[in-house]
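Thank you all for coming.

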Amino acid sequence: MKTILNLLVIAMVILVSCKDSIVENEDKNVGRINFHEGTIDGVKTGDDTTAVIKLLGKPHWIGLGDFDGFDFNYEDKQKPGMEIIRVTFFNATLNQHPGDYRVTDISVLNSYSGKSKEGIGLGTTRSEVISKLGLPITIIGDAEVYRLRQNETKTNVINIYYETNKRIKQISLWSQTN
């Protein structure tokens with residue numbers, strides 16, 4: 001009888017340990033997107049290239065546009081060539097060289113697995129987004145736009161793009177001055 005009781009106690013400890021590690025693994029993606037702070041994986045608008053590299057590492061490639069800026073592009077480690085994070089930089093000092101390049105937009109797409117604390121991430125349905133963030137303030141093209149005031153001087157702007165099945169395919173964060 002004592003042996004059976006000991007085995008039951010050991011089994012319960014193992015089950016509780018397994019449950020905690022499963023929950024821990026599920027939770028590691030929650031909070032990687034923070035709408036209220038305007039961050040994705042810790043990167044925020046206004047960061048410089050050094051801060052972004054410190055947080056995300058060296059980009060897999062750098063995209064140059066016909067504007068005074070560039071993109072750092074990060075790939076899915078399991079799917080080389082598939083972009084999952086794009087960080088856009090613009091010259092904060094406009095037309096001064098060398099420029100002071102700062103993050104103006106952070107986007108996640110394709111197989112990015114992070115979610116907000118509200119549980120919003122790629123693949124979330126439009127109805128779930130509305131139930132957690134409310135109706136968008138406007139629609140521009142195929143983006144639904146939300147604004148969350150961060151403080152008296154800054155508002156975070158969230159652009160959410162949906163697939164035809166009304167599931168999120170891309171999230172972009174940027175900020176504007178109030």
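Let me begin with the largest pocket, which is lined by 16 residues, and the ones that lie nearest its centre are Arg 32, Glu 75, Lys 77, Ile 84 and Ile 85. Two or more residues of that lining come from each of the elements α2, at 49–56, β5, at 69–76, and β6, at 79–91. Please keep in mind throughout that this is a predicted model. The space in the largest pocket comes to about 320 Å³. Which element gives the most to the lining of the largest pocket? The answer is β5, with three residues. Sorted by class, the lining has six nonpolar residues, six charged ones and four polar ones.

From there I turn to the interior. As a general point, nonpolar side chains in soluble globular proteins tend to be buried together. In this model the largest nonpolar core has 27 residues, and Val 87 and Ile 171 are those with the most contacts inside it. At least two residues of this core are supplied by each of β5, β6, β7 (101–109), β10 (143–149), β11 (154–162) and β12 (168–177). The element that gives the most to this core is β6, with four residues. Is Ala 143 buried or exposed? Its relative accessibility is 3%, and therefore Ala 143 counts as buried. Between Ala 143 and Ile 171 there are 28 residues of separation in sequence, while their C-alpha atoms are 9.1 Å apart in space. Leaving aside neighbours within four places in sequence, Ala 143 is in contact with Thr 138, Asn 159, Ile 160 and Tyr 161.

Finally, let me come to a sheet. There is an open sheet of four strands, in the order β3-β2-β1-β8, and its pairing is mixed. Why is one side of β3 and of β8 left without a neighbour in the sheet? Both β3 (43–44) and β8 (115–116) stand at the edges, and each has a single partner strand, so one side of each stays without a neighbour. Strand β2, residues 39–40, is joined to β3 by two bridges, and these strands run antiparallel.

Notes:
Residues numbered from 1 in each chain as written. Predicted model: local features only at pLDDT ≥ 70, side-chain atom pairs only at ≥ 80, totals over all residues. Heavy atoms only, no water. 1 Å grid on protein atoms, 1.4 Å probe; cavity = no way out; pocket = protein on both sides within 12 Å on 5 of 7 lines; lining within 4 Å. Points joined across faces, edges and corners; volume = space filled by probe spheres on them. Nonpolar A, V, L, I, M, F, W, Y, C, P; charged D, E, K, R; others polar. Core = buried A, V, L, I, M, F, W, Y, C linked by side-chain atoms within 4.5 Å. Buried < 20%, exposed > 50% of the residue type's maximum accessible area, 1.4 Å probe, protein only. Pairing = 2+ DSSP bridges. Contact = heavy atoms within 4.5 Å.
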